[in-house]
Amino acid sequence: MVVRALRDEGVKYIYGYPGGALLHVYDALFQQEDVQHILVRHEQAATHMADAYARATGKAGVALVTSGPGATNAVTGIATAFMDSIPMVVITGQVMSHLIGEDAFQETDMLGISRPVVKHNFSIQRPEDIPATIKKAFYIAQSGRPGPVVVDIPKDMTTPTERYPYEYPKSIKLRSYNPISRGHSGQIRKAVDMLLQARRPVIYTGGGVIMGDASKELTEFAQLLNFPVTNTLMGLGGYPGTDRQCLGMLGMHGSYEANMAMHHADLILAIGARFDDRVTNATDKFCPTARIIHVDIDPASISKTVRADVPIVGPAKVVIDEMIELVRESKKQPDAAALESWWKQIDEWRQRHGGRYRTDDSELMKPQQVIEMLSKVTHGDAFVCSDVGQHQMFAAQYYKFNKPNRWINSGGLGTMGFGLPAAMGVKLNFPDADVACVTGEGSIQMNIQELSTCKQYDLPVKILCLNNQSLGMVRQWQDMNYESRHSQSYMKSLPDFVKLVESYGHVGMKVDKYGDLEGAMREAFAMKDRLVFMDIAVDPFEHVYPMQVPRGAMRDMWLSKTERT
Amino acid sequence: MRHIISVLLENEPGALSRVVGLFSQRNYNIESLTVAPTEDETLSRLTVTTIGDDRVVEQITKQLNKLIDVVKVVDLSEGEHIERELMMIKLKANGQMRAEIKRTCDIFRGQIIDVTPNTYTVQLVGASDKLDAFIASLGNMASIMEVVRSGVSGIARGEKVLSL
Ligand SMILES: Cc1cc2nc3c(=O)[nH]c(=O)nc-3n(C[C@H](O)[C@H](O)[C@H](O)COP(=O)(O)OP(=O)(O)OC[C@H]3O[C@@H](n4cnc5c(N)ncnc54)[C@H](O)[C@@H]3O)c2cc1C
Ligand SMILES: Cc1ncc(C[n+]2csc(CCOP(=O)(O)OP(=O)(O)O)c2C)c(N)n1
Ligand SMILES: [Mg+2]
């Protein structure tokens with residue numbers, strides 16, 4: 001029934017790992033071909049693969065893991081999806097229902113363990129409930145503010161010798177859950193009035209525009225008004241990165257111009273972004289002259305950390321569409337003169353400090369150069385799946401995403417080990433696309449066993465390991481706040497990555513000089529059917545800048561090791 | 001400020017733990033919590049009292065509403081409402097103290113529901129501050145052996161109801 005329900009939901013791939021509690025389900029999988037199972041090497045990877053599929057397509061990915069250790073191994077992946085509001089259905093095996101509560105072999109209370117990191121979870125009490133529950137799980141995961149849903153299935157619910165009536169519902173209604181379908185038109189009208197009067201506006205958008213499929217509407221709207229746009233880490237690609245109106249990322253490692261524009265704005269239109277502490281810096285100093293319009297599908301995101309003057313609860317796509325219409329109908333026009341001088345100011349900020357790093361003081365390759373090369377070689381068109389650390393920030397800053405759903409990274413939880421399985425999940429579903437995994441020598445070792453899965457299923461992703469021989473992000477904080485006491489942030493005893501990937505049957509390359517980088521990278525991407533691991537030696541002393549000064553305002557930033565705003 | 005929040009909840013296994021878990025997970029405080037099924041057996045009614053500023057309480061109601069099992073939420077303290085709590089209190093009572101306790105009980109409209117030669121068990125219903133006042137007034141007179149309080153239940157005044 002489980003497999004049949006997945007098939008009826010239209011699921012093509014599931015990612016998982018078998019075990020005792022799931023043997024009936026695995027036997028059912030064996031006897032059909034509609035739902036294909038990808039065997040990972042660690043359950044965490046299964047959840048990240050499912051999660052990345054969702055980030056790339058907007059549809060819920062599915063992971064299947066057994067009870068006990070299988071389920072607990074999946075928890076990091078579930079939490080990763082939860083923090084970034086990613087739709088996912090995780091099916092966990094459970095011990096026989098009559099054994100629950102008896103500390104049975106491989107029993108863990110998965111409902112209890114997962115509760116704080118899921119949108120919802122279910123436990124199957126009667127086999128005949130399986131189809132409807134799976135339907136509900138997909139519905140809840142994918143509607144409203146998306147999120148992961150766990151379905152815990154005791155082994156005796158899947159006994160193949162028992163037969164039960166099966167019906168997969170076409171649609172589902174829940175009396176206690178009614179996701180909102182449009183915004184309040186009075187509020188939207190009020191917002192548009194304010195937008196048309198703004199003199200120093202900024203549009204600040206996040207993951208809600210990406211997962212809410214609103215990037216086309218956002219682009220049209222911003223261009224209609226000629227307003228600057230800045231994206232959160234999760235919102236990159238929501239507005240074309242190479243367009244003049246794009247200020248890049250804002251926040252802790254945001255661009256100088258984005259953070260300055262936010263600080264000096266008189267009106268901020270936030271869409272599908274949650275005023276995270278990595279964005280706002282000290283909330284009491286946040287954007288002192290701005291009024292705030294906040295569009296979000298989840299009322300709890302609004303006025304959570306920063307009070308909104310005009311809250312609008314609704315899906316970004318529908319709300320922006322309504323705003324476009326109102327602007328078109330309106331007799332008023334945006335204040336062209338005010339906007340012109342605002343743009344002049346922004347361009348001056350951009351000129352002064354925008355997107356620069358120093359290459360002169362050492363022979364060593366800069367990590368930023370590697371990302372710029374990646375952007376060049378893939379024409380800004382690849383799926384870039386990142387791990388967590390400095391390399392992630394460089395990728396966010398220097399890869400210019402012109403399309404949504406192409407930048408795949410763990411923002412809210414910041415899960416090292418996410419990158420490789422994420423790239424695998426994307427490559428499997430987009431076999432013809434260029435898929436890059438940007439990682440560090442620290443992060444890659446957190447799920448490196450998946451190189452074996454890549455071999456089994458022919459997943460020729462390109463792994464760019466920015467090897468700075470240290471836990472760079474940690475070391476940067478130690479440099480800045482702990483007088484360079486590098487406590488446990490070195491990675492001595494690194495493996496020879498080239499030999500390592502070769503032993504898994506893949507291609508390894510070592511790149512030490514900038515002069516070799518372009519050729520090597522082109523060669524790697526030209527090998528369409530091989531996984532290539534590029535071990536790229538980069539400057540181990542580099543820091544990510546800008547970096548906001550702790551407890552400061554948006555505009556308070558370090559711009560290099562020696563310069564501050 | 002103290003708020004009384006009423007929640008209509010699906011009467012499902014695990015639903016209560018989601019509510020309680022939310023409070024600890026998000027660092028909200030719970031003063032008291034009561035829960036029981038309603039006349040519609042598929043629904044439970046839960047009352048939670050909490051202390052927090054307006055912003056925190058706004059977040060609490062929004063986060064409660066987000067739980068899939070929660071059907072409706074209302075902050076009763078925003079309008080006219082009635083709150084009641086039940087207390088059973090066991091007191092050491094002998095000699096002339098017995099009459100004294102009995103009198104205090106009458107003043108508070110409490111009932112003595114169990115008696116032994118040395119103890120009284122008193123039942124008292126009212127708003128929480130009335131129960132507090134009763135305990136305070138017994139203070140120097142009787143020694144308290146055991147206190148059991150039900151936690152607050154609340155309902156809106158007038159015609160307003162919390163239902164499906
Ligand atoms: C090392 C590191 C450094 C970081 N530095 C930065 C940084 O410098 N800058 C930065 O921005 N982030 C940074 N982050 C990421 C940060 O932690 C947060 O994950 C991120 O800022 C949150 O992005 P968001 O506001 O877009 O919200 P998301 O987590 O993407 O949430 C989406 C929001 O949109 C809403 N939503 C969902 N669907 C819709 C819809 N259809 N319509 C409307 N709304 C919807 C949701 O309710 C939610 O409020 C960093 C992370 C790491 C690991
Ligand atoms: C699972 C996990 N553990 C610890 C951390 C804390 N952390 C954040 S970045 C980082 C260092 C990452 O090192 P590396 O992958 O080499 O990337 P670099 O910063 O050097 O580019 C650490 C340890 C984390 N984000 N995730
Ligand atoms: Mg590193």
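Me: Which residue forms a salt bridge with Arg2(B)?
Reply: In this predicted model, local features need pLDDT of at least 70 and side-chain atom pairs count only at pLDDT 80 or more, whereas totals for chains, interfaces and linings use all residues. Residues are numbered from 1 along each chain as its sequence is written, chains are lettered from A and ligands numbered from 1 in the order in which they are written, and side-chain values use heavy atoms, with hydrogens and water left out. A salt bridge here is a side-chain nitrogen of Lys or Arg within 4 Å of a carboxyl oxygen of Asp or Glu. The closest N and O atoms of the pair are 3.0 Å apart, and the partner of Arg2(B) is Glu83(B).

Me: How many salt bridges are counted between domain 1 of chain B and domain 2 of chain B?
Reply: Chain B is divided into domain 1 (2-79) and domain 2 (82-153), with bounds that come from an automatic or database domain assignment. Seven residues of domain 1 of chain B are in contact (heavy atoms within 4.5 Å) with six residues of domain 2 of chain B. The count of salt bridges between these two domains is one.

Me: Which strand gives the most residues to the side of domain 1 of chain B that touches domain 2 of chain B?
Reply: Across this interface the rule finds four residue pairs in polar contact, both residues at pLDDT 80 or more; such a contact is a pair of N or O atoms within 3.5 Å, where within protein one must be able to donate a hydrogen and the other to accept it, and residues adjacent in sequence count only if both atoms are side-chain atoms. At least two residues each are supplied by β1 (2-10), β2 (32-37) and β3 (43-51) of chain B, strands being DSSP runs (E, at least two residues) and helices likewise (H or I, at least four), numbered from the N terminus. With three residues, the most comes from β2(B).

Me: What area is buried between chain A and chain B?
Reply: Contact joins 20 residues of chain A to 21 residues of chain B. Buried area is the accessible area (1.4 Å probe) that two parts lose on being put together, summed over both. Carbon and sulfur atoms give 44% of the area buried between chain A and chain B, which is about 1,700 Å².

Me: Which residue of chain A meets Glu10(B) in a salt bridge?
Reply: Between chain A and chain B the count is three salt bridges. In the one that involves the side chain of Glu10(B), the N to O distance is 2.7 Å, and the partner is Arg175(A).

Me: Which element supplies the largest share of the side of domain 1 of chain A that touches domain 3 of chain A?
Reply: Among the domains of chain A are domain 1 (2-158) and domain 3 (367-544), and across their interface the rule finds zero salt bridges, although eleven residue pairs in polar contact are counted, both residues at pLDDT 80 or more. Two or more residues each come from β1 (13-17), β2 (36-39), α3 (43-57) and α4 (69-83) of chain A. The largest share, ten residues, comes from α3(A).

Me: Which residue has a polar backbone atom 2.8 Å from a nitrogen atom of ligand 1?
Reply: Ligand 1 is surrounded by 33 residues (a heavy atom within 4 Å), and the closest include His253(A) and Asp296(A). An oxygen atom of ligand 1 is 3.1 Å from a polar backbone atom of Gly411(A). The backbone atom 2.8 Å from a nitrogen atom of ligand 1 belongs to Leu250(A).
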